[in-house]
Amino acid sequence: MAEQFDVVVIGSGPAGYHAAIRAAQLGLKTACIDAAIGKDGKPALGGTCLRVGCIPSKALLDSSRQFWNLQHLFGDHGITTKDAKIDVGTMIGRKDKIVKQFTGGIALLFKANKITPYYGFGQLQPGNIVKVKQHDGTEVELKGINVIIAAGSDSIELPFAKFDNEYIVDNVGALDFTSVPKRLAVIGAGVIGLELGSVWKRLGAEVTILEALPDFLPAADAEVSKTAAKEFKKQGLDIRLGAKVSKTEVKKKEVHVTYSDAEGEKTLVVDRLLVAVGRKAASKGLLAEGTGVKLNERGQVEVDEHCHTGVDGVWAVGDCVRGPMLAHKGFEEGIAVAELIAGLPGHVNLDTVPWVIYTEPEIAWVGKTEQQLKAESIPYKTGSFPFAALGRAVAMGEPVGFVKVIAHEETDRILGMHLVGVGVSELVHEGVLAMEFSGSADDLARICHAHPTLSEAVHDAAMSVAKRSIHKVN
Ligand code: NAD
């Protein structure tokens, strides 16, 4: 006899744990299943984000940023130190401690909310039954009036660069190098390639990033990408565009990476190779025969705009469905579905999901880019403000980058905000908020911003849309 629940959630990552906690808050009897095992060999909740994604990568980005600043920025402040050294073991240990705090935190939240966790692999059967193969070898069946699939995503493996977890790694391996590789190659100049490439570059590795596309960060605003590329080059990140890798070989503790670009075939010899060419929905083995839930050609669970699969009581959220693979998009979908199940309104506006790349400078945006608006023939105007003219940024020694506001040419409604520079992972939310409230550039320009702060760059950029920025010549 299957155990009965109001809601059974498959996956305890960002989308899954938000769904489970919100469902429990709303008085629904909830179970949540997760198959992951932590570095300590014990079951770990929290998904990719908490175990091997957002949180550990930010821990390493922060450690490496401190080390880089010590060598490159402190001198300008008159602070000198001799013989700065990095102890990789301590840095990784700090990261592991943070991960444990947060994965353990989810277990505590589940307990406090009376959510029953199941540790093992869950497979959806017909009739809203989830069969769980538990780590102790036993099997249990859970019947949910509702089942929420939040299975997440896995790294894409290239057939010619199989992960061996020593020389050729994915993001998980690149979070756990035991020493700084002398030479690191990265395939893919996307979010993971840039963030983890930056970590090891700042710690002293020679980092070469091979990107198949001819343009750098084509999804970002073109001016943002250009500014970021210039800064990455200054930092010594060697980003090679139009570089298509065709072969890799591990020989005598070195990885030989063969790629071709406009000049022909080349081979790069490195000590470690990180493959960061995107992620795919983790839908393998998730659905038994006859559930009625469909996968699309990319292996994603098919859902409508409310994350419903079309099968009564079966929903899917987060990285395993359409839309950007971002933890916070999963957060919102998890909450929305729990609320819909409880009979409340639940909705996620995919048009206002912010993007952030945690490099130095940080890159962030929300809404449409100029390129997109041109392609869609939407008339627009822009206003921007450089951090080089902002008192607070200059006082911090962080003059790189800018904020750009894009508004509709006629209505002035904000259509996008694009930022590159210090602290923009926080500033982008002014754009998100303004867009959620259908705000105009003029609305943002009339909101008092504290001085001296970084957020004044947003204020001046909004004022600049109507050519009335105070701190620059319009
Ligand atoms: P990505 O899609 O961001 O970038 C992959 C890059 O690899 C692309 O530029 C692509 O053109 C390139 N590429 C693909 N095949 C290639 C090949 N054979 N040779 C050379 N280049 C190739 O993917 P990612 O960086 O692996 O990240 C995976 C997902 O995780 C993304 O959806 C991302 O949004 C998410 N993520 C987000 C954050 C964040 O929000 N800060 C951080 C990490 C990961």
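**Close-up views**

**Figure 1. Ile-79 is found in the loop between helix 3 (54-72) and helix 4 (88-112).** The structure is a predicted model, in which local features need pLDDT of at least 70 and side-chain atom pairs count only at pLDDT 80 or more, while totals for chains, interfaces and linings use all residues. Residues are numbered from 1 along each chain as its sequence is written, and side-chain values use heavy atoms, with hydrogens and water left out. Helices (H or I, at least four residues) and strands (E, at least two) are DSSP runs, numbered from the N terminus. Ile-79 counts as partly exposed because its relative accessibility is 42%; buried means under 20% relative accessible area, exposed over 50%, and partly exposed in between (1.4 Å probe, protein chains only). Between Ile-79 and Ile-37 there are 42 residues in sequence and, C-alpha to C-alpha, 43 Å in space.

**Figure 2. The ligand is surrounded by 20 residues.** The closest residues are Ile-192, Glu-195, Glu-211, Gly-278 and Val-356. By class, the shell holds 14 nonpolar, three polar and three charged residues; Ala, Val, Leu, Ile, Met, Phe, Trp, Tyr, Cys and Pro count as nonpolar, Asp, Glu, Lys and Arg as charged, and the others, Gly among them, as polar.

Figure 3. Of the 840 Å² that the ligand exposes when taken alone, the protein buries 77%, with accessible areas from the Shrake-Rupley method and a 1.4 Å probe. Two or more residues of the shell come from each of helix 6 (191-202) and strand 17 (355-357).

**Figure 4. Helix 6 gives the shell around the ligand its largest share, three residues.** Helix 6 is largely enclosed by the rest of the structure, because ten of its twelve residues are buried. Among the buried residues are Leu-194, Glu-195, Trp-200, Lys-201 and Arg-202. At 1.5 Å a residue, helix 6 should span 16 Å, and the 17 Å between its end C-alpha atoms agrees with this; the expected span is 1.5 Å times one less than the number of residues. Gly-204, which follows helix 6, has a positive phi, near 120 degrees.

**Figure 5. Glu-339 has its place in helix 8.** With 17% relative accessibility, Glu-339 counts as buried. Leaving aside neighbours within four places in sequence, Glu-339 is in contact (heavy atoms within 4.5 Å) with Arg-22, Leu-26, Leu-344 and Pro-345. Other residues of helix 8 that are buried include Lys-329, Glu-333 and Ile-341. The cover over the buried residues of this helix includes strand 1 (3-10), helix 1 (14-25), strand 5 (139-149) and strand 16 (314-316). Just after helix 8, Gly-343 takes a positive phi of about 85 degrees.

**Figure 6. Ala-219 lies in the loop between strand 9 (206-210) and helix 7 (222-234).** Ala-219 counts as exposed because its relative accessibility is 56%. Not counting residues up to four places away in sequence, Ala-219 touches Trp-365 and Thr-369. Ala-219 and Asp-76 are 143 residues apart in sequence and 35 Å apart in space, C-alpha to C-alpha.

Definitions and conventions: A residue is near a molecule or strand if one of its heavy atoms lies within 4 Å of it.
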